[in-house]
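Trainee: Could we go through this model together, with the definitions set beside the values?

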Amino acid sequence: MTDSPGVPALPVTFRPTRTRAVLLTAGLAAFAAITVVSLMLQLGGGERAGFIFTAALFLGVLVLLSRPRVTADEDGVTVVNLTTKRRLEWAQVLAVHLRPGDPWVLLDLADGTSLPAMGIQPGIAKRQALADARALRALVDHKGTTPPGAAENGAPSGAADDTGNDAAGDAGK
């Protein structure tokens, strides 16, 4: 339990659950269908193995695409993207951005770089992604150490439009 409103209890994991369910279901269904077809056709052992290997490769790619997540705990944030995993301390994360049209959240880091956090993406669950981005921003604001005056100097950690609140205003541009 946290003592600030809007800040989720830790540990918390953010991931695109609907997208993940669709990818894994499609992958398993395709693997099963290709395997069944390869067994029903009059193929040699090598050809059959080729079909099953291709189905397994396809399933592997979809499992890889379903991997992204963002996990926050008392010590920091772990960002797992397609092929990378990065652990960040709270002080390293300055801001959380999810602007209209962004494919996923971007984290502004203390070293001046940005890190995509593909675990929060508005694809087929936009409302959930916006809520997750707001929750992660609340955690960053609560746990992180934003330098004094950063919000007045353009640091976007408190900007309302970063999580899509102003999406309707930007949509027509």
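**Strands, pairing and burial**

Mentor: A hairpin of four residues leads from β3 to β4, strands being DSSP runs of E with at least two residues, and helices runs of H or I with at least four, numbered from the N terminus. This is a predicted model, in which local features need pLDDT of at least 70 and side-chain atom pairs count only at pLDDT 80 or more, while totals for chains, interfaces and linings use all residues. Residues are numbered from 1 along each chain as its sequence is written, and side-chain values use heavy atoms, leaving out hydrogens and water.

Trainee: What makes β3 and β4 a pair?

Mentor: Two strands pair if DSSP finds at least two bridges between them, and β3 and β4 have five bridges, in the antiparallel sense; G76, for instance, has E89 in β4 as its bridge partner.

Trainee: How do you know that β2 and β3 are joined?

Mentor: Four bridges link β2 (residues 69-72) to β3 (residues 76-80), and the two strands run antiparallel. V70 has V79 in β3 as its bridge partner, and a hairpin of three residues connects β2 to β3.

Trainee: Why are β1 and β4 said to stand at the edges?

Mentor: The open sheet has four strands in the order β1-β2-β3-β4, with antiparallel pairing. β1 (12-14) and β4 (85-89) each have a single partner strand, so one side of each is left without a neighbour in the sheet.

Trainee: Why is β3 called largely enclosed?

Mentor: Buried means under 20% relative accessible area, exposed over 50% and partly exposed in between, with a 1.4 Å probe and protein chains only. Five of the five residues of β3 are buried, so β3 is largely enclosed by the rest of the structure.
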